[in-house]
Amino acid sequence: MTKASYSSGDVIADRRAGYARLLAADGELLAAADLMQQALELVPNWAAGWDLLGDYHDKSGDVAGAIAAWRHLEALDDAGVFGARLKLALHGASPAGEGTAVSYVEALFDQYAPKFENSLVGKLGYRVPEMLDDLVAEEMGRLGIAQFERGLDLGCGTGLMGQRLRGKVAYLEGIDISAAMIAETARKGIYDRLDKAELVAALNGRRADADLVTAADVFIYCGALQPVLAALVPALRPGGVVAFSLEAHDGEEAVFLRPSLRYAHGPSATRDAVVVAGLELLRFEAVVLRFDRGAPINGLLVVARKPPVDVHAANDGAGAGGDVAA
């Protein structure tokens with residue numbers, strides 16, 4: 001979803017699309033949609049054009065028109081870069097699915113990388129890494145952990161979480177789906193290792209070697225928590241700690257898709273998912289994650305632990321005549 005993808009390859013179509021953007025910026029959404037429709041008559045296979053047309057219809061209140069445009073987009077964009085499935089799901093026209101819309105998220109953050117920190121920290125009051133780090137530090141003190149041996153920062157982005165963790169972890173790895181984000185953080189020298197990968201696939205390929213895993217505003221793009229936690233827990237050593245954030249909602253649903261195309265999770269369902277995954281819940285905090293258009297985005301900060309191996313219980317079992325596997 002680079003800027004280049006917003007050129008149709010046809011000069012006249014591009015000119016009409018440019019005028020449509022100007023009209024949309026002035027609030028003339030119906031006129032913008034009409035011009036985009038004219039442009040698409042010249043280049044009917046232009047995926048980015050259908051994306052823009054759908055957005056103009058949606059913002060003007062023409063849901064049927066938006067759905068029709070995104071149906072065209074879905075058919076043209078096999079990789080799902082423009083997030084048509086999510087946009088259709090938002091209006092009940094398609095199932096949202098439980099996993100990450102990988103190509104959409106990758107393209108989103110590749111485009112966002114150069115302005116990520118300025119937008120998130122400077123304009124939106126983003127403090128999730130700081131708040132998560134504070135909770136981790138408090139639990140380190142309570143559990144008697146002086147330093148973690150190996151940490152894994154999922155969705156590391158430009159290193160905002162990694163900067164906080166660096167002094168607490170002897171060996172720190174970062175994983176992100178966006179090559180542009182990886183390039184941004186590589187310049188800072190925060191991590192001992194960086195990998196571009198989808199997080200569930202990356203976790204499934206690991207053995208139980210991490211004693212700290214963090215995910216600051218990452219699972220909000222993943223939908224259901226169970227598949228993520230099912231991959232994460234085996235990557236943790238016994239006694240290992242996981243800390244993550246979520247956007248939250250007050251409804252009955254375990255998870256639902258917001259107009260931002262991010263997922264919000266229910267507190268009760270989140271607690272259940274953590275316990276079902278086999279983790280001990282250490283901290284569960286309701287917080288304001290950031291602000292969006294002046295409104296607070298409410299969320300959850302979760303810190304949990306994989307149960308440590310109970311050596312005494314194992315020895316007791318052996319002494320009572322039971323067999324203990326080597």
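Guide: Bear in mind that this is a predicted model. Leu 135 has a relative accessible area of 7%, which is under 20%, so Leu 135 counts as buried.

Visitor: Where does Leu 135 lie?
Guide: Leu 135 is found in helix 8.

Visitor: And what is Leu 135 in contact with?
Guide: If we leave aside the neighbours within four places in sequence, Leu 135 is in contact with Arg 283, Glu 285, Leu 301 and Val 303. Taking one of these, Leu 301 is 166 residues from Leu 135 in sequence, while the two are 8.5 Å apart in space, C-alpha to C-alpha.

Visitor: What about Glu 139, buried or exposed?
Guide: Glu 139 counts as buried, because its relative accessibility is 4%. Its place is in helix 8, which spans residues 128–143, and, not counting residues up to four places away in sequence, Glu 139 touches Leu 282, Arg 283 and Val 303.

Visitor: Switching topic, how do helix 1 and helix 2 pack?
Guide: Helix 1, residues 11–25, and helix 2, residues 29–42, pack at an angle of about 170°, with their axes 8 Å apart. That angle is over 145 degrees, so the two helices are roughly antiparallel to each other, and their crossing is left-handed.

Visitor: Which residues make the contact?
Guide: Among them are Ile 12, Ala 13, Arg 16 and Leu 23 of helix 1, together with Leu 29, Leu 35, Met 36 and Gln 38 of helix 2. By class, the contact has 14 nonpolar, one polar and one charged residues.

Note on methods:
Residues numbered from 1 in each chain as written. Predicted model: local features only at pLDDT ≥ 70, side-chain atom pairs only at ≥ 80, totals over all residues. Heavy atoms only, no water. Axes fitted to C-alpha atoms, helices over the stretch in contact; angles between N-to-C directions. Helix = DSSP H or I, 4+ residues; strand = E, 2+ residues; numbered from the N terminus. Parallel < 35°, antiparallel > 145°, perpendicular 65-115°, else oblique. Left-handed = near helix turned anticlockwise from the far one by under 90°. Contact = heavy atoms within 4.5 Å. Nonpolar A, V, L, I, M, F, W, Y, C, P; charged D, E, K, R; others polar. Buried < 20%, exposed > 50% of the residue type's maximum accessible area, 1.4 Å probe, protein only.
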